[in-house]
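Here are some notes for a first look at this model. Keep the structure open while you read.

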Amino acid sequence: YYGTENEFGISVCSDRLMESAVRFCREHHCQLSMHAMGGRAVARMTDRACMEEPWTDSRIPYVRIEHVTEPSDESIEKAAAHGISFVSQPIFPYAESRSYLKNLGADRIKECYPYRRMLEKGVKLGFSTDAPATFWSDPSDPFPGLRLAVTRTAADGTDCGKDQAIDIETAVALYTRGAAEAAGFPDVGMLAPGYHADFAVLDADLLTIPGEEIDKVRVVQTYMDGKCIYRA
């Protein structure tokens, strides 16, 4: 953390536990999800995953790293080369910028969540809300996260690194198709033949409204398997 002697957090995953998880997922051909935020943690997980050959169906990343916050360029490139997926939560800097400023500083917060760089390097990236563990009034609401991804401005106006902003079409895709592919669900996330007919009807056009108004968008209808299950 900023201003401390060592300037890094702690690991809550022993090598023994990590090896056990790798072994179990390899033997059972299921995706391994590792949780890592800081650069050292992301590097530790990425480096270990790169020691393995993929053990899942080619449509499912064999390893997914959750909460990726401050990956090094080397970790980004390794993840892209080995098909390791990253999932990240734009709501964190949007809602918790005060904590980031206190612990990391104004310059370093701009280096966090380098979404544009990840995509340019070819990382299989997905977004999520991380509900219910998000510090926000409505943890399941994706629209503040969409606003952060597009504007790179937190709720309190903090600059979160505008050079890493992405367009709204890409941001929506990362919350839908991108999240599904990164988490290993290849038959959801799109409106296409053979996919589940899950979608939401909104009260505004996300593709045309100003980025600063994205967090005001609301869902008016929700469909699952083509059936309406919610009306505002």
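This is a predicted model: local features need pLDDT of at least 70, side-chain atom pairs count only at pLDDT 80 or more; totals for chains, interfaces and linings use all residues.

1. As background, nonpolar side chains in soluble globular proteins tend to be buried together.

2. Now take Arg64. This residue lies in strand β2, residues 63-66. Is Arg64 buried or exposed? Arg64 has a relative accessible area of 14%, under the 20% limit, so it counts as buried.

3. What do the polar contacts of the Arg64 side chain look like? One, of 2.3 Å, runs to the side chain of Gln31. Another, of 2.8 Å, runs to the side chain of Glu66. Leaving aside neighbours within four places in sequence, Arg64 is in contact with Gln31, Leu32, Ser33 and Met34, among others. Ser85, Val87, Ala182 and Ala183 are also on that list.

4. Gln31 turns up again at Gly184. Apart from neighbours within four places in sequence, Gly184 is in contact with Gln31 and Ile60. Gly184 sits in the loop between α9 (168-183) and β5 (199-202). Its relative accessible area is 15%, so Gly184 is buried too.

5. Check Gly184 against Tyr62. The two are 122 residues apart along the chain. Their C-alpha atoms are separated by 8.5 Å.

6. Next, helix α3, residues 73-82. Which of its residues are buried? They are Ser75, Ile76 and Ala79. Seen down the axis of α3, these buried residues fall within an arc of 100°, so they line one face of the helix. The face turned away from that buried side carries the exposed residues Glu74 and Ala81.

7. What covers the buried residues of α3? The cover includes helix α2 (39-49), strand β3 (85-88) and helix α7 (115-121).

8. Finally, look at what follows α3. Gly83 comes after the helix. The phi of Gly83 is positive, near 70°.

Terms used: Residues are numbered from 1 along each chain as its sequence is written. Side-chain values use heavy atoms; hydrogens and water are left out. Buried means under 20% relative accessible area, exposed over 50%, partly exposed in between (1.4 Å probe, protein chains only). Helices (H or I, at least four residues) and strands (E, at least two) are DSSP runs, numbered from the N terminus. The arc is that of the directions from the helix axis to the C-beta atoms. Contact means heavy atoms within 4.5 Å. A polar contact is a pair of N or O atoms within 3.5 Å; within protein, one must be able to donate a hydrogen and the other to accept it, and residues adjacent in sequence count only if both atoms are side-chain atoms.
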